[in-house]
Amino acid sequence: SRLQHEYVPSAHLSAACTCLAWAPPGGRQPPNKVQDGPQRKKRKSEAAEVDRQLDILAVGTAVGSILLYSTVKGELQSKLDGGHDSRVNCVRWHQDTCCLYSCSEDKHIVEWNTQTCKVKCKWKGDNSSVTSLCISPDGKMLLSAGRTIKLWDLETKEVYRHFTGHATSVSSLTFTTVKPMNENKPFDGITGLYFLSGAIHDRLLSVWYVRSDRKEKNAVMSFTVTDEPIFIDLTVSEVKEEPVKLAVVCRDGQLHLFEHILNGYCKKPLTSNCTIQIATPGNDGDSTPKPVPILAAAFCSDKQSLLLVYGNSLQPIIEKVSLNTMESHICLIRDIQKVLSLKTDVALTKVKTPVVNSDTKVLVPGIPGHSTTVKTPALGKEKKKNKRKPGETGESIEERLEALDIDVSKVKTPGGLPQTDSFAVLLVQGLESNDAEILNRVLNTRKDNVIKNTVSRMPIHAVIPLLHELTKRLQGNPYSASLMVRWLKSVFTIHASYLSTLPDLIPQLGMLYQLMESRVKTLQKLSRLHGRLFILVTQVAASEAVQDVTEMNQAAKLVYEDESSEEEGSDDEMIADKESDENWDEDEEKEEQSDEQDMTVEKEINGDSDLEPENESEEE
């Protein structure tokens, strides 16, 4: 149960592994080692001479490429590209040649030459995605399945037989017999063989029979289990009387064992001969036993004992058990806590923890201008990410802030505005304590040089939490987004070298990438809309302006003419009245003066002439 080898793909190959298969160890294989899926992995590793030769592992990825990894050298041997443009669902090695078969979500099956790393042949396998493959014992036929199951002739790449299949996509295909039961007729390599299939969300495993004619397409028998099968292993029946033994691990963590001689049609679904479960003993304070899920099971080479894999998928426990299958239900008691604790104690570590006295003061690299003393070295680790064990209680925000030993009120300058180094301290505080008030205060800054200095002075461990916080705020209203973009820009420019060293950078920034893409996608549509609206608005404004101008001019001309004529007329009247009045008064005063009679006569004449405009205006 020790981890012997671990392969982590480098960043540019960081597509998830979807399926894997061991390459045959060279030469013709014995018939019971036909299927080279992950199911066969454990059985082969028992035989020491086979184990030495087992080397190449084909790994299918979610992006459509296939990696060939050498476990002996511990490195990637080659990469098969250009066959699929979608997720690889299953890979199978041909037992004789260096051929590899793969199927994918893109509906195609590809035959690869693993020496040249080129596609040998590619053909469409189904109308929907092809999920499972299996090569016949003689290596001349290939079973493929999406929902319907097809048997292909590998030479001509034509369908030899059709089977109805399952309602959901098939997850496993395996041949169960090597020779036909009826030994009178000559054997053509495929007719008379039985194979087994299981599908997702389907609690029945179906057995199919390859006939000489094409009449019967339905399953000849089926095995019933308690939940969806996730792992299937079987012993292949080589002789007529030998029963097929089947071990099926279900999603509910139970293991079902079947034993049956395949001899034609069976109407009722067969139930399991034996069901195996694993549970904890239920002592140590917790009195209720808890079930331990079985992850996988495989028959050993003697076909009697079983290898069980159970517990946690990160730290599985592998155990060989011999079972008395006379009982219909077996519950194995295993205390996995003890086993796991033993394993973790033995595990070697290169990290040395210094012995620290309670009086000692540990200095950590802090922000310039602050003596950031930390009480215990444990806090430095806790800054990274809050990965606590279930038993521990987390420190409160108050304790953390005390440990940082920074008083915000002292940080402020006489001017009242905090400086950039104190901004960096505040930012780290806010991120660690998740204090919205502090974060709002720091992140709502508009000055570019303040942002730049803050980001350059903040400690490296706070970069990823800051990016997460910025991503969260970018999803808010557009006003805050415009502020956050400035922070993002400076984080990426200043801390690019640190970010590029992170192995899990893509999942960490996945949300941000999606956000940017969605925003940028709408930008094009928005700019088109903006353009159209701009044209419309300018046209409307222009036409209104034209109408307004003409009306104004006409109105002004008319009004101007009317007012001017009336005003002139009235002014003339006023002048005429005044003058005439004055003249008449003067005449009365000066009647006595007979010397100036001539003058008065003239003035009378003038007065009459002055009155003439009045008459004119009245006529008008």
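Leaving aside its neighbours within four places in sequence, which residues is Thr191 in contact with? I shall begin with the ground rules and then answer.

The structure shown here is a predicted model, in which local features need pLDDT of at least 70 and side-chain atom pairs count only at pLDDT 80 or more, while totals for chains, interfaces and linings use all residues. Residues are numbered from 1 along each chain as its sequence is written, and side-chain values use heavy atoms, with hydrogens and water left out.

Now to the answer. Contact means heavy atoms within 4.5 Å. Apart from neighbours within four places in sequence, Thr191 is in contact with Tyr160, Pro180, Val210, Arg211 and Ser212. Thr191 lies in the loop between β13 (170-175) and β14 (194-199). Helices (H or I, at least four residues) and strands (E, at least two) are DSSP runs, numbered from the N terminus. Is Thr191 buried or exposed? Its relative accessibility is 18%, and it therefore counts as buried; the term means under 20% relative accessible area, with exposed being over 50% and partly exposed in between, for a 1.4 Å probe and protein chains only.

Five of the six residues of β13 are buried, so β13 is largely enclosed by the rest of the structure. β13 and β14 run antiparallel and are joined by five bridges; two strands pair if DSSP finds at least two bridges between them. Val170 has Ala199 as its bridge partner in β14.

Five bridges connect β1 with the antiparallel strand β2 (residues 56-61), and Ala21 stands opposite Ala58 in β2.

What of the helices? Two packed helices are described by the angle and the distance between their axes. The axes of α8 (residues 436-443) and α10 (residues 463-474) come within 13 Å and cross at roughly 85°. The two helices are therefore roughly perpendicular to each other, since angles under 35 degrees count as roughly parallel, over 145 as roughly antiparallel, 65 to 115 as roughly perpendicular and the rest as oblique. Ala436, Leu439, Asn440 and Leu443 of α8 make the contact with Leu466, Glu469, Leu470 and Arg473 of α10.

Finally, the protein as a whole. Its secondary structure comes to 14 helices and 27 strands. Of its 620 residues, 40% count as buried. Among contacts with a separation of 6 or more, 52% join residues 24 or more positions apart.

Notes. Axes fitted to C-alpha atoms, helices over the stretch in contact; angles between N-to-C directions.
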